[in-house]
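Have the 3D view open as you read.

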Amino acid sequence: MTASITEIETNGVERIPDADRTARPIDLFRLAFGGANTFATCVLGAFPILFGLSFWQGLAATVLGLVAGALLLAPMSLFGPTNGTNNAVSSSAHLGVHGRIVGSFLSLLTAVAFFSISVWSSGDALVGGAHRLVDLPESDVSYGIAYAIFAGLVLVVCVYGFRFMLMVNKIAVVAASALFVLGIFAFAGDFDAGYAGAFASTADPLFWPSFIGSALIVLSNPVSFGAFLGDWSRYIPAETPRRRVMGAAFLAQMATLLPFVFGLATASIIATKAAPYVDPDAPNYVGGLLAISPGWYFLPLCLIALIGGLSTGTTALYGTGLDVSSVFTRLSRVQSTFLIGALSIAFIFIGRFALNLTQSISTFATLIITCTAPWMVVMTLGYVTRRGWYDADALQVFNRRQTGGRYWFSHGWNWRGICTWFVSAGVALLFTNLPGQFVGPFGNVANGVDVSLPIGLALAAVLYLGLLTVFPEPRGVYGPQGPRLVGSSDRPVPPIVGGPDEETLATEPTAAV
């Protein structure tokens, strides 16, 4: 029987029973779109204007980055239905049952960073809108109350779990989208599609760096979801056609054109009517948006802040609790969610009021995405070379405190995947260029454009396939049809041994060829 939405979810990272896997691809669409249909995405949409592009040039860069990012992200949706668990646990197949902590760690850091960003940006927008609407004081007390409301609501939703979160996002997607569409009427009179930007022509030496930089910033938004898709897609039945699952993930990102274009269009208005708010050295998109908004749109802005912050926060924090429970197996999902939620809320208040980390956490989130992209390449190419075949029982060895199995490799570490991720992420960081925040040793080789993400992606693809070719994995990790694109070795697969009750689970004694 399907669990009630008000029943607290008890499932952790163990394989979801088939009877409980009743979600559909449209549910994945709602969660992925809802998590990005927020002010935080609008801020990213404003960057092409900050970089000096015209409206149409900015739109082209946005579409390019979004399509590329959605294509990179879509395959990450397949691991959940295939294995019935989250992507970090599924990564055991490619990084080893111990090496999978890389995915858990990346997911944890990304979630805490984006949870903080969503609470801060939405709280600031809510207080700013309330100040213009009812003259609420813009004091630390007001901001503190707004942050506490957001964080508390998010924690409650995440504790209840997947089905309650899905219900919240079903409402949030429709409501936030309607409010963004309402913005068309609020800003139609001031919007000028002919906004020219700062470049007289594409021959300007700074045009292409600005265009590419804008596209890469947009691309980073879909990539940020890479570690989380399995948290939600694991409730989709395994027999669901892959094209439908990938299509839902792809279309969810394409739907974020709504907040991206909202940010782009309103930023062009701000640049015309309130230029100080789009100063590249000290941009303040939310402040500029409030400055140009008609009075009747302040309430919708407050609602967008509330709804969007709730959606983004829940999709981030839910995965955090799930991942922590998978690493510290003595903690349940609910206990882990409470623990990480409490620590995240403490970080939000300390970071905002004591350490002023709002700018630093944005930089940190960008760097984490740079490190996540090579991990996604390993996962995607691993899925291709394995022909989508996995041993769901062997993926759970770490969680059961066992040893052995198909994905044991070298003492639980698959150095091919680990080395690919470590080297590619490290090299990508060297090419990072975030002016005034973090610039790597080679950050200026592309005329100031941050090319860390494409370099990390390309290097990971070449390095991983190269290592799989030169140092083939055991035949036992592949399915009945064998590997695709690469070879395999005759190294035998050890049996799964141990666990809390010291039970030995049978595996195929001769998985090698």
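Helix H14 is largely enclosed by the rest of the structure, because 12 of its 17 residues are buried. Bear in mind that this is a predicted model. Among the buried residues of H14 are Pro259, Phe260, Phe262, Leu264, Ile269 and Ile270, along with Gly263, Thr266 and Ser268. The helix covers residues 257–273, and at 1.5 Å a residue it should span 24 Å; its end C-alpha atoms are 24 Å apart, so the two values agree.

In soluble globular proteins, nonpolar side chains tend to be buried together. The largest nonpolar core here has 93 residues, and Phe115, Phe162, Trp232, Trp375 and Tyr407 touch the most other members. Another core, of 34 residues, lies apart from it and includes Phe39, Cys42, Leu179 and Ala265. Ala265 also brings us back to H14, where it is one of the buried residues.

Cys42 leads on to the cysteines. How many disulfides does the structure hold? The count is zero. For cysteine 42, the closest cysteine sulfur is that of cysteine 302, 14 Å away and therefore too far for a bond, since a disulfide needs the sulfur atoms within 2.5 Å. Cysteine 42 counts as buried, at 0% relative accessibility, and cysteine 158 is likewise buried at 0%.

Finally, visit proline 137, in the loop between helix H8 (101–134) and helix H9 (140–160). Leaving aside neighbours within four places in sequence, proline 137 is in contact with Val127 and Ser142. Valine 127 is 10 residues away along the chain, and the C-alpha atoms of the pair are separated by 8.1 Å.

Key: Residues numbered from 1 in each chain as written. Predicted model: local features only at pLDDT ≥ 70, side-chain atom pairs only at ≥ 80, totals over all residues. Heavy atoms only, no water. Buried < 20%, exposed > 50% of the residue type's maximum accessible area, 1.4 Å probe, protein only. Core = buried A, V, L, I, M, F, W, Y, C linked by side-chain atoms within 4.5 Å. Helix = DSSP H or I, 4+ residues; strand = E, 2+ residues; numbered from the N terminus. Expected span 1.5 Å × (residues − 1). Contact = heavy atoms within 4.5 Å.
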